[in-house]
Every structure is written in C-alpha cells, then in structure tokens.
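Please look through the model below before reading on. My comments are set out as numbered points.

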Amino acid sequence: MNAAALLEALRAALGAGQVLHEGDLTAYELDWRKRWRGKALAVVRPGSTAEVAEVVRLCAAHGASIVPQGGNTGLVGGGVPDTSGTQVVLSLSRMNRVRAVDAANLTITVEAGCVLQALQQHAAEAGLLFPLSLAAEGSATIGGNLATNAGGTQVLRYGNARELCLGLEVVTAQGEVWHGLAGLRKDNTGYDLRDLFIGSEGTLGIITAATLKLYPRPAATVTALASCDSLAQCVALLGRAQARLGSGLTGFEVMGRFALDLVRQHFPQLPQALAPAPWTVLLEHADAEGEQQARLRFESLLEAALEAGVINDAVVAESLAQSATLWQLRESIPMAQSEEGLNVKHDIALAVSDIPAFCERTDAALQASFPGVRLVNFGHLGDGNLHYNVQAPAGTPPDAFLAQHEAAINHLVYDAVAAFGGSFSAEHGIGALKRDELAERKSAVALGLMRAIKQALDPQNRLNPGRVL
Ligand SMILES: Cc1cc2nc3c(=O)[nH]c(=O)nc-3n(C[C@H](O)[C@H](O)[C@H](O)COP(=O)(O)OP(=O)(O)OC[C@H]3O[C@@H](n4cnc5c(N)ncnc54)[C@H](O)[C@@H]3O)c2cc1C
C-alpha cells in the first residue's frame, strides 16, 4: 500500500481538515474500556454519503481496510483500529443531520452519526418518543446502535435497535450506495438486506442513514425501586408486573448488592433510596392515561408483592427528578465498576426462568475456582439479559488477576451459559473480544453461512477485518 498516495487522495476528496493523520488520535484509537489501543493510518470524517462512498473506493483502490466508528462507546473492541498503522478509521461524527420527521407515519430519518440522545430530543420536539435508551446515549450514535443491534433499558416494551429500524442507507464494500430508507412496516420483497446490516458491526457495509420508528409519548412515566432477597423473588416480581401492567411495563432492571455497593463507594453523592439488599429492582411503568392512574396501578402492584413476601421494601419516585436519580443509580454501575478497576465482563442472555438457577450454580463454581472474586451482577432481567461481571478479589491488582484468570473465567461462565441454552453475547456484539468465542461456540453450519455472507458482500475483506469473524 502506498500510504502517502492514499492520504493525498483522501485529502483531495474530503479536504485536508477532515483527514487526521498526525497529532493525538487517542479518542479514535483507544476504546471506551481502555482495553484496545490501535494505531490508525488516518481518521477520516466525511460529511455526506457520497463522501463515505468515495473514501471506500479510494481505500479499496489503495488496498487499505476501513474501521467504521460512531461514538466509540462499544464494549467489545470492534470500533478501534488494529495496531498495524494501516487501517483508516471512518468516523461518522459529522453526519448527524435529521433528514425528515413524518409524524403521521411515526418515523424519523437521520444520518448515522446522530448521537442517540440528540435523536431522542428531536423526537421529543416533534411530540413523539424514540425509545432506545442506554447509559452511553450521550455519546453513542444511531449508526453504532444499529451496527451493534443495541439493546438498553426499554427492550422489554419496544425491542432492540433492530425492531426500531424500518430502513437503512448503506455504503457497500464496493463503494456503492444501497438506498433502503423506506418507512414501511411491511415489505416482503426478497431477502431482508436491512436485517443483514443491522448487528454486522461494520463488517458488511457502512450505515450512513436510517429510518426509525417513533411512538406516541406516554402521558406519564413512573419509576420505582424494590428490594428482594433472591433472584427467584425478582423473577416472581417480574411476572406480577407483566400481569398487572402489560405493555405499560417499560423497564425491569436488577442490581446485585455488590454492584450498588460500588456505586455507593464511587459516587457517594447519589442518594440511596432503599437500604442495601441482596437484590434491588428498578421498575418503570409508562401509562397512556396519566400520572395518577399510573401511580395507583404501580402502588397496588407493589403493595400486593409486599404482602405476598415477594419484595421486602419499595419506593415509588415522587417526581421526575427522583425518577432520574433512581435511573442514575442503575446507569452509574458501569462507571463505578470501571473506577474499581479492570474486570471480566459477560453480557449474557438466558431464559428468564433459568436465571436464578444459573446464578446460583455459576456463582458457586466461580467461588470454588477463584476464591474471593466479586460478582458485579446487574442487567435487564425483563429481557433475560445479565451483565454478569467478575471483579478481582479485594486487594488483588486487577491487571495481574485478569492476565492470569480471564480465559479460565470466560470458559467457566460461557460453558455454564451454554449448558442453560443461553447466549454469550446478548447486546454488545462480538467485535474483537468474542471473535474466538464465536468461532468455538457457533455451529459449523452457522459459521459457514456467516462466512459466505461476508465473502459475498466484502470479498476483499476491507470492512473491519478481524472483527466478528
Ligand atoms: C456506559 C455504557 C453503557 C452501555 N450500555 C449499553 C446497553 O445498555 N445496551 C447496549 O446494547 N449497549 C450498551 N453499551 C455499548 C455501546 O454503547 C453500544 O454498543 C452502542 O450501540 C455503540 O454505539 P457507538 O456509536 O458508540 O459505536 P462504536 O463504538 O463507534 O462502534 C461499535 C461497532 O459498530 C461499528 N459501527 C459504528 N458505526 C457504524 C456505522 N455507521 N456503520 C457501520 N458500522 C458502524 C463499529 O465498527 C464497531 O464495530 C454501553 C456502553 C457504555 C460505555
């Protein structure tokens, strides 16, 4: 590859200011967890779909591979370059415009670099709701959300990013543009290309825009915390909440005691609404009728659960500000955990009914093999998705602990997940982190089909090579 010639061609296509080559590129080269630090040949920041296509064609002509990047909040090392110094990071950050809002069709069309929080805000300004929500929403982009098929806290009611997307615009590995921005809820015209690109983590095409579903805003949203003695009780509470609230149950998050202990320790300014308990559940209820109605339904659910001994205590937020504080407790867990030091993360999915037995057996197996490890267990129980993370024993340097035990811990946890018929990646994707896991644990048939798709769409392996497959 003639790097100087490629850089010159990229500067001619985008303008020198949008081709970053020298200086500090840490923001693009280091991932959020600070586990992967690569070296880019350049970071390019195209401002339009035509410019993205031109970058792809130029990189192909010069033999360079491309790493698409949104907000760089991914947790599996998929959005940063490798260490070769030959990859081009293609940042979508300048492509953040809203192209259209169609209130009657309940859709919004935005460019891929639109930050999720800004997208939620645009929907709110139109009096509507874009429900995708996750703790990194202030930086994560909709392109990254779709490329990873992000989940988050509202999946129970509205589904993953995939379920919220009606159409895509994609630049292919050949530098062509697929215009698939239909706002249709029904379209059975051949293979579903949209669903192929969603969740492909930048390995099949570059998402440049999307048409997304909007929803009416609920008249009221009420949040509560409840404490339970066991995960079995949390599951029982989920069943009661689903029966009582139906689709009005929009969030159901669990937090293990140690996860909240870390929040207390690292963010002491956050008020703790309930006394520490083995498990704390955060419930959210959205109601089309109004706040009073929502609150009454919620309170009767929690009172009945208290009477039945399913929960030990509960508090219903009195105001939007208090609701926000309760959510902050939940959303501060990843930060508190990273303050505590490197840890072994597992983003697993299981049948909800299997979760108590899975945790009981796997907790015990981990303690037997790695005495003193601390479990930061929390997540989207309503979706059967746990962030089952393992922190080094207190006083043990995390780096040394991970270097020695990470592989064995992963093995133990993923074997247990497999024994319960679960998934080793619920919502974060594969990236670099779980590529070997995918190769080891997916069936030969599934891997063969995936490789055939990659070969058909990107035969030169130019898009995010070494990620996923
Ligand atoms: C504190 C915190 C909390 C989080 N909580 C959640 C959660 O609850 N649920 C959840 O699902 N995730 C969560 N995440 C993970 C992360 O936020 C999501 O994966 C998010 O969707 C990534 O968006 P991004 O724009 O930052 O993508 P990046 O990190 O930039 O990229 C992620 C992947 O997508 C590819 N990509 C990015 N943009 C494009 C594009 N336009 N076209 C093609 N490929 C592209 C990249 O190459 C990479 O493989 C969390 C992360 C943090 C830091």
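1. The model is predicted. Distances and areas in this note should be read as values computed from that predicted model.

2. Start with the ligand. The shell around the ligand holds 36 residues, and those that come nearest are Pro68, Gly70, Thr73, Gly74 and Thr141. Two of these names return in the next point.

3. For Thr73 the distance is 2.7 Å. For Thr141, an N or O atom of the side chain is 2.7 Å from a ligand oxygen. For Asn464 the distance from a polar side-chain atom to a ligand oxygen is 3.2 Å. Each pair falls within the 3.5 Å cut-off for a polar contact.

4. How much of the ligand does the protein bury? Taken alone, the ligand exposes 970 Å², and 96% of that area is buried by the protein.

5. Which elements give two or more residues to the shell? They are strand 3 (66–69), helix 5 and strand 10 (206–213). The largest share comes from helix 5, which supplies four residues.

6. Sorted by class, the shell consists of 20 polar residues, 14 nonpolar residues and two charged residues.

7. Is Asn149 buried or exposed? Its relative accessible area is 15%, and buried means under 20%, so Asn149 is buried.

8. Leaving aside neighbours within four places in sequence, it is in contact with Asn160, Ala161, Arg162, Ile198, Gly199 and Glu427. With one of these, Arg162, there is a polar pair: a polar atom of the Asn149 side chain lies 2.9 Å from the backbone nitrogen of Arg162.

9. Asp399 belongs to helix 14 (residues 398–419). Its relative accessibility is 52%, and the cut-off for exposed is over 50%, so Asp399 counts as exposed. From Asp399 to Ala161 the separation is 238 residues in sequence and 34 Å in space, taken C-alpha to C-alpha.

Note on methods
Residues are numbered from 1 along each chain as its sequence is written. This is a predicted model: local features need pLDDT of at least 70, side-chain atom pairs count only at pLDDT 80 or more; totals for chains, interfaces and linings use all residues. Side-chain values use heavy atoms; hydrogens and water are left out. Buried means under 20% relative accessible area, exposed over 50%, partly exposed in between (1.4 Å probe, protein chains only). A polar contact is a pair of N or O atoms within 3.5 Å; within protein, one must be able to donate a hydrogen and the other to accept it, and residues adjacent in sequence count only if both atoms are side-chain atoms. Contact means heavy atoms within 4.5 Å. A residue is near a molecule or strand if one of its heavy atoms lies within 4 Å of it. Accessible areas come from the Shrake-Rupley method with a 1.4 Å probe; for residues, only the protein chains shown count as cover. Ala, Val, Leu, Ile, Met, Phe, Trp, Tyr, Cys and Pro count as nonpolar, Asp, Glu, Lys and Arg as charged, and the others, Gly among them, as polar.
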